[in-house]
Amino acid sequence: MTLRPLSPTVSVSAQLALDDMPAVAAAGFGRVISNRPDGEEPGQPSASQMEAAARDAGLAFVWVPVTGLPGSDQVAAVAASLADGVPTVMFCRSGMRSASAWAMAQRLQGVDADVLREVAASAGYDLGRVPL
């Protein structure tokens with residue numbers, strides 16, 4: 001598990017394992033957002049399995065599956081989930097869709113696109129082609 005911070009309250013990761021959830025909670029996070037559709041890859045834990053593991057670790061779980069670039073409904077769901085400031089880990093297969101969804105949600109709040117691209121780049125994600 002490699003968590004890459006995007007803000008003081010949001011980090012992104014590639015696919016988390018079921019047994020990563022206690023470590024996520026121990027690191028001070030209170031919520032996990034999965035941006036990974038079920039069945040994207042053989043052997044991948046399902047959203048319901050991830051939710052059960054998260055809840056067993058005391059974490060809230062939100063499933064906002066994204067295929068390709070996040071759409072407006074997905075961006076709105078991420079923005080609504082993050083609005084309360086609860087420390088959150090977002091994940092997908094590589095972290096790229098999660099970083100994109102986070103940045104697009106931040107744009108809804110008026111954050112400058114260049115700033116968001118710079119923050120994402122410092123975490124290892126190139127959002128140069130993401131329409132912010």
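**Exercise 1.** Leaving aside its neighbours within four places in sequence, which residues is W102 in contact with?

*Solution.* The model is predicted, so local features need pLDDT of at least 70, side-chain atom pairs count only at pLDDT 80 or more, and totals for chains, interfaces and linings use all residues. Residues are numbered from 1 along each chain as its sequence is written, and side-chain values use heavy atoms, with hydrogens and water left out.
- Contact is taken as heavy atoms within 4.5 Å.
- Under the stated exclusion, W102 is in contact with L6, S7, V10, L82, M90, L116 and V119.

**Exercise 2.** Determine how helix 4 is placed against helix 5.

*Solution.*
- Helices (H or I, at least four residues) and strands (E, at least two) are DSSP runs, numbered from the N terminus.
- The axes of helix 4 (residues 96-108) and helix 5 (residues 113-122) cross at roughly 155° and come within 10 Å.
- Helix 4 is therefore roughly antiparallel to helix 5 (the term applies to angles over 145 degrees).
- On the side of helix 4, W102, A103, Q106 and R107 take part, and they meet A113, L116 and V119 in helix 5.
- By class, this contact has five nonpolar, one polar and one charged residues.

**Exercise 3.** Repeat the analysis for helix 3 and helix 4.

*Solution.*
- Here the axes come within 8 Å and cross at roughly 75°.
- Helix 3 is therefore roughly perpendicular to helix 4 (65 to 115 degrees).
- Helix 3 contributes V75, A76, V78, A79 and L82, while helix 4 contributes A101, W102, M104, A105 and L108.
- The residues of this contact divide into 10 nonpolar, no polar and no charged.

**Exercise 4.** Identify the residues that touch the most other members of the largest nonpolar core, and the elements that supply the core.

*Solution.*
- A nonpolar core is a set of buried Ala, Val, Leu, Ile, Met, Phe, Trp, Tyr and Cys residues joined through side-chain atoms within 4.5 Å; buried means under 20% relative accessible area with a 1.4 Å probe, protein chains only.
- The largest core has 22 residues, of which L6, V78, L82, M90, W102 and Y125 touch the most other members.
- Two or more residues come from each of strand 2 (10-13), helix 3 (72-82), helix 4 and helix 5.
- Helix 4 gives the most, with six residues.
- Another core, of 12 residues, lies apart from it and includes M21, A53, A54 and F91.

**Exercise 5.** Is G95 buried or exposed?

*Solution.*
- G95 is found in the loop between strand 5 (88-91) and helix 4.
- Its relative accessible area is 0%, so G95 is buried.
- Not counting residues up to four places away in sequence, G95 touches V12, S13, A14 and Y125.

Methods
Axes fitted to C-alpha atoms, helices over the stretch in contact; angles between N-to-C directions. Parallel < 35°, antiparallel > 145°, perpendicular 65-115°, else oblique. Nonpolar A, V, L, I, M, F, W, Y, C, P; charged D, E, K, R; others polar. Buried < 20%, exposed > 50% of the residue type's maximum accessible area, 1.4 Å probe, protein only.
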